[in-house]
Amino acid sequence: DGHANPLKVTLAYYKKARELGARFLTGPKVERIKKVKGRARKVITEDKSVFKAEKIILAAGYESRSIAQKIGIDIPMKKVLLEVLVTEPVPPMFYQMLGTAAADFYGHQSKHGSFVFGGTSGMDAYAIEDENNPTLSKTASSICRGIMKYFPVLKELNIIRSWGGYIDDCTDHIPVIRQVEEVPGLILACAFSGHGFGISPAVGLLLSEMALEKETTLDITPFRYDRFKTKI
């Protein structure tokens, strides 16, 4: 977490999954999940294709909320815009992954000298609703000011590129990873609140165990969906 390259890691998982027989269907988005006799049994896409399964894992980031709502399940989360900045290379200063409790700054210096920093700008309400380019010039400058609070020595560095995206931030900042009792057959894996990439290998193992109805390697009680229910 903080060091692995997301592009290389996800591509490696994709290639290995293909080798093991997994199928990847890209293109039309999932429109809804349909229940049959009270169980989640069908996934319907925008082009009206229908996929049937005994178990359905919903792991679509913030979009999981709208899909789950169509079968009466709501995950209390919001989307938060994060942006990553890459600087020009400079001589080595430190290699450790650093971050603040407020999550307004995190990052490290790469082996070739560039700093890779991420942060929140507070400009979410003004971001462009565009999947391909969710950033604004204002967001990058806001994050730079935040970084300079901790590392004023970097103030003269040039930013060579940046990218942004939305995370699914849960109301208690804890993921939802659990079967849904109200809808048998449905397994939720969302609301990762910025920690999805770092814990994804363990989460993948747990999801496979749940789908196969095995005892999970780790206790997933803290991540249950019903923790949001009002207690009487």
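This is a predicted model: local features need pLDDT of at least 70, side-chain atom pairs count only at pLDDT 80 or more; totals for chains, interfaces and linings use all residues.
Let's take the overall picture first. The chain has 232 residues, of which 33% are buried. Its secondary structure amounts to four helices and eleven strands. Laid along the principal axes, the C-alpha atoms fill a box of roughly 65 × 45 × 40 Å. The accessible surface is about 14400 Å², and carbon and sulfur atoms account for 56% of that area. As for charge, you can count 32 positive and 26 negative side chains, with the centres of the two sets 5 Å apart. Among contacts between residues at least 6 apart in sequence, 58% link residues at least 24 apart.

Now to the sheet that holds β7. Strands of a sheet pair through backbone hydrogen bonds, in a parallel or an antiparallel sense. Here five strands line up in the order β6-β7-β8-β5-β9, forming an open sheet with antiparallel pairing. The edges are taken by β6 (98-99) and β9 (159-170); each has a single partner strand, so one side of each is left without a neighbour in the sheet.

On one side, five bridges join β5 to β8 (residues 115-120), and the two strands run antiparallel. Along this pairing, Val86 sits opposite Val116, while Glu83 has Gly119 as its bridge partner. With β9, strand β5 makes eleven bridges, again in the antiparallel sense. There you will find Val80 facing Ile167. How much of β5 is buried? Nine of its eleven residues are, so the strand is largely enclosed by the rest of the structure.

Setting aside residues up to four places away in sequence, His108 touches Gly2 and His3, then the run Phe94, Tyr95, Gln96 and Met97, and finally Ser114, Phe115, Val116 and Phe117. Val116 in that list is the β8 residue that stands opposite Val86.

Next, the nonpolar interior. In soluble globular proteins, nonpolar side chains tend to be buried together. The largest nonpolar core in this model has 20 residues, and the members that touch the most others are Ile33, Ile75, Leu186 and Leu188. At least two core residues come from each of β2 (39-45), β4 (56-58), α2 (63-69) and β11 (186-190). Of the elements, β11 gives the most, with three residues. Apart from this core lies another, made of ten residues, including Leu85, Phe94, Phe105 and Ala140. Phe94 is also one of the residues that His108 touches.

Leaving out neighbours within four places in sequence, its contacts are Val43, Ile44, Thr45 and Ile67. Val30 and Gly196 are 166 residues apart in sequence, and their C-alpha atoms are 21 Å apart in space.

Most residues other than glycine have a negative phi. Lys37, in the loop between β1 and β2, has a positive phi, near 55°. Ser193, in the loop between β11 and α4 (196-211), also has a positive phi near 55°. Which of the two is buried and which is exposed? Lys37 counts as exposed, with 85% relative accessibility, whereas Ser193 counts as buried, at 10%.

Conventions
Residues are numbered from 1 along each chain as its sequence is written. Side-chain values use heavy atoms; hydrogens and water are left out. Buried means under 20% relative accessible area, exposed over 50%, partly exposed in between (1.4 Å probe, protein chains only). Contact means heavy atoms within 4.5 Å. Accessible areas come from the Shrake-Rupley method with a 1.4 Å probe; for residues, only the protein chains shown count as cover. Lys and Arg count as positive and Asp and Glu as negative; His and the chain ends are not counted. The place of a charge is taken as NZ of Lys, CZ of Arg, CG of Asp or CD of Glu. Two strands pair if DSSP finds at least two bridges between them. A nonpolar core is a set of buried Ala, Val, Leu, Ile, Met, Phe, Trp, Tyr and Cys residues joined through side-chain atoms within 4.5 Å.
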